[in-house]
Amino acid sequence: MARSGPVEQSATRVRMAGSSRPGRVRTVNQDTVLADQVGGRPLLLVADGMGGHSTGEVASARASETILRELSSARAHPPLALARALQAANVDVLEHARSDTRHKGMGTTLTTVLIDDHVALIAHVGDSRAYLLRGGALRNLTEDHSWVAERVKQGLLSQDEARQHRWRNVITNALGANDAFRLDLAHVLLEPGDRLLVASDGVTAILPEALLKELLAEGEPEAVVERLLDAADQRGSPDNVSAVVAVIDAVNTAPRRYELPPELPEELPADGPWAVQMRQTLSGVRRVEDRYPARGPMRWLRRQAWYPYRLWILASAYLAFLLVLFVLLR
Ligand code: CA
């Protein structure tokens, strides 16, 4: 199910490939991968579904399809479109689970990178991961939303203990499992020569980061993906194995339609401003909009103190107008 090919986006050139296998132990593959483009923008996506028989794969496939569909019809700028797409995916999977008792408890992780010229937007829910390889250094761009990662953060488990822990697969945040979810939405500014990897825990929990770095460093995206999946298989990954790789050949740094907050820092402090509680209301989407405000007249309007009361003001003005009209005409 690998898809690949060069994606030309003005001066930004990206080569990418993705693939997914059930692995040596499982017969069913509940992961979904995309190495695609939407609205001319490269999109890397890995979703790792959970739930019983013929359930996890439905969740990961539905979430990915919803995100592709929402992004392809979106008119909002990319960070906002991405937040709304994940919100829509959460609702879609949740409603599907509620419509059929067989799908009770379904959900999916979802980690995606949308490349908007030199801005790589990372949207993340769960314990799949995104990595950036630059100048020989490998950086994890995502924080695992898992039981063991929380214990590591609190200093109760070491990284090695977390890898071996029998609860290492327990995630604390997923799409489609609840009305609310935590969305981590951040960005890094790309440079030519950068390499991106998005992978499911079937790969990242088995391969040490030193090996990920070595395998990611050389070769065409298709070959890198196959080597990563082979390595995870050879090391006896008990899980489905999925990886998407992008090689950034050139970047266009033309100004965007939106303002950028500070880039994702190298050291991730817990619960940075990129972590947003998303519900079925607009509150989470608004927070993303505040961090990535659109440029232009709407931005000026939104910054005005009266902006939240605009509908009241308009309605009052309209009533006043009717009143004047009534007085004049009687
Ligand atoms: Ca998995």
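User: Which domains does the domain assignment give for the protein chain?

Analyst: Domain bounds come from an automatic or database domain assignment. Here the assignment gives domain 1 (5-295) and domain 2 (297-330). Their C-alpha centres lie 44 Å apart. A word on the basis: this is a predicted model, where local features need pLDDT of at least 70 and side-chain atom pairs count only at pLDDT 80 or more, while totals for chains, interfaces and linings use all residues. Residues are numbered from 1 along each chain as its sequence is written, and side-chain values use heavy atoms, with hydrogens and water left out.

User: What are the protein donors of the calcium ion?

Analyst: Donors are N, O and S atoms within 2.8 Å of the metal, or 3.2 Å for Na, K and Ca; water is not among the atoms, so sites may look incomplete. In this model the protein donors are Asp 48 (OD), Asp 48 (OD), Asp 201 (OD) and Asp 239 (OD). They lie 2.2 to 3.2 Å from the calcium ion. Along the chain, the donors follow the spacing D-x152-D-x37-D.

User: Where do Asp 48 and Asp 239 lie?

Analyst: Helices (H or I, at least four residues) and strands (E, at least two) are DSSP runs, numbered from the N terminus. Asp 48 lies in strand β4 (residues 41-50). Asp 239 lies in the loop between α7 (221-234) and β12 (241-250). The pair therefore ties together parts that are 191 residues apart in sequence. As for Asp 201, its place is in helix α5 (residues 201-204).

User: Is Asp 48 buried or exposed?

Analyst: Buried means under 20% relative accessible area, exposed over 50%, and partly exposed in between (1.4 Å probe, protein chains only). Asp 48 has a relative accessible area of 10%, so it is buried. Asp 239 is at 9% and counts as buried. Asp 201 is at 9% and is buried too.

User: Which residues is Asp 201 in contact with, leaving aside its neighbours within four places in sequence?

Analyst: Contact means heavy atoms within 4.5 Å. On that basis Asp 201 is in contact with Asp 48, Asp 127, Asn 169, Ile 206 and Asp 239.

User: How many aromatic pairs does the structure hold?

Analyst: A pair of aromatic rings is described by the distance of the centres and the angle of the planes. Rings of Phe, Tyr and Trp (its six-membered ring) pair if their centres lie within 6.5 Å; planes under 30 degrees apart count as stacked, over 60 as edge-to-face and the rest as tilted. The structure holds 2 such pairs. Trp 147 and Trp 167 have ring centres 4.9 Å apart and planes at 75°, so they are edge-to-face. Trp 147 lies in helix α3 (residues 147-153), and Trp 167 in the loop between α4 (159-164) and β10 (181-189). Trp 167 is partly exposed, at 39% relative accessible area. Tyr 258 and Tyr 292 have centres 6.4 Å apart and planes at 70°, so that pair is edge-to-face. Both Tyr 258 and Tyr 292 are buried.

User: What sits over the ring of Tyr 307?

Analyst: A charge sits over a ring if NZ of Lys or CZ of Arg is within 6 Å of the ring centre and within 35 degrees of the ring normal. For Tyr 307 it is the charged end of Arg 310, 4.1 Å from the ring centre.

User: Which strands pair with β7?

Analyst: Two strands pair if DSSP finds at least two bridges between them. Strand β6 (residues 110-116) pairs with β7 in the antiparallel sense over 7 bridges. There, Ile 115 has Ala 120 of β7 as its bridge partner. β7 and β10 are also antiparallel, over 6 bridges. Ala 120 stands opposite Val 188 in β10.

User: Why is strand β7 called largely enclosed?

Analyst: In strand β7 (residues 119-125), 7 of the 7 residues are buried, so the rest of the structure largely encloses it. Val 119, Leu 121, Ala 123 and Val 125 point one way, and Ala 120, Ile 122 and His 124 the other.

User: What is the phi of Asp 117?

Analyst: Most residues other than glycine have a negative phi. Asp 117 has a positive phi of about 55°, although it is not a glycine. Asp 117 is in the turn of the hairpin that β6 and β7 form, with 2 residues between the strands. Its relative accessible area is 5%, so Asp 117 is buried.
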